[in-house]
Each structure stands twice: as C-alpha cells, then as structure tokens.
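Thank you all for coming. Please take a moment with the sequence and the model on the screen, and then I will walk through a few points.

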Amino acid sequence: MAPLTPRDTSDNIVIKPFKVLVTSFGAFRDYSENPSHLATKDLDGTTLESPPEPINLPPGVSAPSDPPTHDSPTSPPTPIHIKAVNLPVTYKAVLDALEDIYSPTSERYDLILHVGVGLPGGLKLEQRARRWGYNNNDAKGELAPMGKEGLRGYPGEKWDGLASSGPDGEEIRTVVQADKVIEFGRRNGVERLAKSEDAGVYLCEFIFFGSLASTKRVSQDAEEPETPVQFLHVPRIGQPYSLAELTKAIKLILWGIVNEGGLLSSAR
C-alpha cells in the first residue's frame, strides 16, 4: 500500500492515519456469498475522516452529539485507513494468512478486525478465543492441526505461553473495550450490537485466537505494545440489517474502537 499522508488540520496538528486491516471469509456450506465479505469488500482502500453516517435513524434526525473521548476533548479525531482482504474458510488459509500478517517484513497495522458470519439477530463483539477444540471440518473437509492429547487447534511450542487459563482451557481475551464501542454504536443506530463469550470454535474463533496469540508473540519479540485485535460476527443479510446497513455498522464499530474510547491508551 502506498504511504499514507498525515492529515494537516486547521490548527496545523498533523494526525497520522490509523491503519486497520479487516479480514472476512468466503463461501462455505450454504453461503454462496459470505455476508462478512459482502459487508466489508467495499471498505478496501477507504479512509474514514469523520464519524460515519448513523443507521436506522428517521430522516432529518441526527445522532446525539456527545463530547469526543479520543485523546482529549479538543483534539481532532484520528482518520482510519482500511485495507480489506478475504480468506477461504480453511484452517490452512487462516494459518497462511497469520504468517503473512505477522511476518517481520509485512506492513504493520494499528488495529486488526476479523469479520465472519454468525447467528441471525445482530452483531457480536467476541471477547475471547480458545486455543483448542476445533473439531469440525473446514470448507475443504480438512481438520485443524492435532496436538497434545488429541486436541485440535494450535499445537507446538510456537503457541505455548501466550494464553491464560479460562473456564474452557487456554484462552486469550481482546483488549478492545467493547462497552465503549457498543455505547457509541447504539447511539448511532446499531441497536443490535452486543458482547459475546462464545465465538463458535470454528474458523472464526480459530483466526481470532491465532491473531491474538500472534500479536502477543510479536509484541514480546519486538518489546513493543500489542496490536489490538477484535472479532466481529455479523448476521445474514436482512436478519435484521440490510447489506448497506451492515457496512455502515462496521464503519461505526471501527470509529468507536479508534475514536470513542474503544482502545486502552496503552494499546494505541
């Protein structure tokens, strides 16, 4: 990607764009077109420089205007530049993508948002990802790598020591502050947005764990802050949001993470 030009505000404050990688998934099972891909593909190469348009508000009605929470009450918002990529629904494709994203020679991002299709009814900000338990075949009929005691997931020393003990074994939690993002999203029409503690133990959770673990390992090796990682589940188109509304919702979620208190100061 070509270098991004920092934005010069009217007060001559130069703001470096926040670089975000958004991944989605392709066709699988009865999804000839994956809603996660349909909702994110047009975001590739775009830059959000102001709060995105709200959804589901009556014509002529604006979203409530609250004081900004980014950095300081008087600082301008951080522009968000988005790169969007689509991945096959296979364990190998996910592992290959993680190697590429977190390679020392690859472009560095300030935030990574993984998107996949979930249950009808709304959008879910997943809070944790588990290392083991990936026992279902992917879109090519393949299984996740097998490790100790016959468990499938992320075997090998490469992945050791990165997760914490959770109720279902080893897990890693996101540092993104979901409550702040949900508050901002709901104020702007994304009413069906909530947290989730179960990402499904399939390819969605598989990439979430791998990404969370990879950013921890890279951070330890480079002695620098971790790149924040979030997984977002979107529903089928029309259940209840239209395609255009889903895309708007994703923009609002990104804005909420970057500019409305969704990141800890130590993660930015």
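This is a predicted model: local features need pLDDT of at least 70, side-chain atom pairs count only at pLDDT 80 or more; totals for chains, interfaces and linings use all residues.

The chain has five helices and 12 strands, where helices (H or I, at least four residues) and strands (E, at least two) are DSSP runs, numbered from the N terminus. Residues are numbered from 1 along each chain as its sequence is written, and side-chain values use heavy atoms, with hydrogens and water left out.

Of the 268 residues of the chain, 49% count as buried, meaning under 20% relative accessible area, with exposed being over 50% and partly exposed in between (1.4 Å probe, protein chains only). If we take contacts (heavy atoms within 4.5 Å) between residues at least 6 apart in sequence, 81% of them join residues at least 24 apart.

Turning to the strands, β7 (residues 123-126) runs parallel to β11 (residues 193-196), to which four bridges join it, and two strands pair if DSSP finds at least two bridges between them. L123 has L193 as its bridge partner in β11. Three bridges also join β7 to β12 (residues 229-234), this time antiparallel, and here the partner of L125 is L232.

Finally, where does S50 lie? S50 is in the loop between β4 (47-48) and β5 (80-87), and it counts as partly exposed because its relative accessibility is 44%. S50 and I80 are 30 residues apart in sequence, yet their C-alpha atoms are 9.0 Å apart in space.
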